[in-house]
Amino acid sequence: VLAPDGSTVALGPLLAGIEAGLRSGGFGRPLPTLDPPADPLLAVAIAEVLGTSFLLAQGSDNNATALGPGGCWDDVENPQNYTLRGPPSPVPDPVAIGAMDGVVLGAQLARGPLPVAELLRGYYGTGNGSEAGRPPSSYRRRDFGALAGQGRLEKEVAALLGMLRTLSPIPEFLRDVGTQEVAAVAHRAAREFSERYVECPAIVPRCLWDARPYRGTPALLRPPLGSVFLHHTLEPARPCRTFSACARAMRDMQCFHQDTRGWDDIGYSFVVGSDGYLYEGRGWHWVGAHTKGYNTQGFGIGIVGDFTATLPDPDTLALVRDELLPCAIRSGHIRPDFTLRGHRQLGHTDCPGNALFQEIQSWPSFQ
């Protein structure tokens with residue numbers, strides 16, 4: 001399903017986590033005791049499918065992936081069909097998102113059952129969240145990481161695979177897999193899952209905010225790049241706090257850049273909403289139109305709003321400083337010694353606004 005925050009959630013792991021939470025909270029039949037000891041909530045929501053996925057990918061001859069891909073809906077207003085944007089693994093993005101939500105909500109229900117409809121409305125927000133604040137679902141990566149950090153996830157995947165090895169008959173994909181190999185698979189699975197879905201921010205793809213096609217032929221960037229240029233959008237002047245508002249802002253900016261400025265596409269590489277998400281503009285691979293004279297040298301990151309007198313909220317600043325930039329280094333898009341600059345340092349402009357420019361001067365990579 002397409003959730004109000006713009007994320008796509010697989011119901012299987014979500015409902016499994018909710019059931020495990022209810023049962024561990026004393027509602028319905030008690031949960032079985034697993035041997036070797038494992039957390040039933042993590043087992044049903046993510047540990048089994050994650051361990052299975054990495055084992056199957058390891059035993060495949062055709063470079064199969066164990067995580068991803070994402071995908072897009074045919075119509076965001078009236079979603080009917082969801083299409084994956086690449087060869088599927090047992091853990092495509094919606095399964096990972098459903099698993100994180102299942103763990104977060106299951107843990108909440110374990111502390112004390114409440115009506116599931118009420119729980120879901122409160123978690124995902126109604127009417128695409130509220131302008132007053134982000135829905136809790138947009139914090140799923142942080143909240144899942146707090147409940148099941150990389151070390152705990154590794155332990156639970158190893159325990160679950162160990163339990164499956166005691167079955168008779170032993171599952172085919174576990175045949176001839178030894179204890180050391182189980183430990184190695186669990187370590188790799190937990191590390192890669194955490195890096196992709198916990199430590200890196202979610203990026204809303206172009207097809208989900210309903211981007212127009214690129215005009216002309218895009219030019220390829222040559223990563224890793226050495227610069228990041230920070231902007232504010234100025235228009236819209238108010239930060240967008242919901243998926244629907246941020247998607248609308250993206251479409252308006254793209255129309256302005258293409259129709260009024262005559263550019264091939266929206267100029268920014270990525271745009272940051274105050275809803276907890278990044279929105280893909282030109283993306284990681286294509287030269288943007290954000291910082292004249294420097295577009296081939298770095299990525300242009302725009303934050304929705306006018307930050308002349310006020311700052312983005314602390315969570316939005318942290319999304320860029322503490323999640324996006326470290327993730328871009330780890331994934332090889334920017335160099336570890338990259339420099340961060342405000343747009344005004346490279347052209348005649350007040351961008352990214354006095355307040356935001358003052359703020360970024362305290363960031364580690366600012367020059």
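Two strands count as paired if DSSP finds at least two bridges between them. Helices (H or I, at least four residues) and strands (E, at least two) are DSSP runs, numbered from the N terminus.

This is a predicted model, in which local features need pLDDT of at least 70 and side-chain atom pairs count only at pLDDT 80 or more, while totals for chains, interfaces and linings use all residues. Residues are numbered from 1 along each chain as its sequence is written, and side-chain values use heavy atoms, leaving out hydrogens and water.

**Stop one: the sheet**

Select the six strands of the open sheet, ordered S3-S6-S5-S7-S4-S8 with mixed pairing. Strand S3 (203–204) and strand S8 (334–342) are the edges; each has a single partner strand, so one side of each has no neighbour in the sheet.

Now pick S4 (residues 225–232). Five bridges join S4 to S8, and the two run parallel. Leu230 stands opposite Gly342 in S8.

**Stop two: helices across the sheet**

Show H9 (residues 243–260). H9 lies across S3, S5 (270–272) and S6 (278–280), at about 35° to S6. Axes are lines fitted to C-alpha atoms, for helices over the stretch in contact (heavy atoms within 4.5 Å). Angles run from 0 to 180 degrees between N-to-C directions.

Next, H10 (residues 314–330). H10 lies across S4, S5, S6, S7 (298–303) and S8, at about 145° to S8.

**Stop three: a helix pair**

Select H3 (residues 93–111) and H4 (residues 116–124). Their axes come within 12 Å and cross at roughly 125°. That makes H3 oblique to H4 (under 35 degrees is roughly parallel, over 145 roughly antiparallel, 65 to 115 roughly perpendicular, the rest oblique). Display the contact residues: Asp101, Val104, Leu105, Gln108 and Leu109 of H3, with Leu119, Leu120, Tyr123 and Tyr124 of H4.
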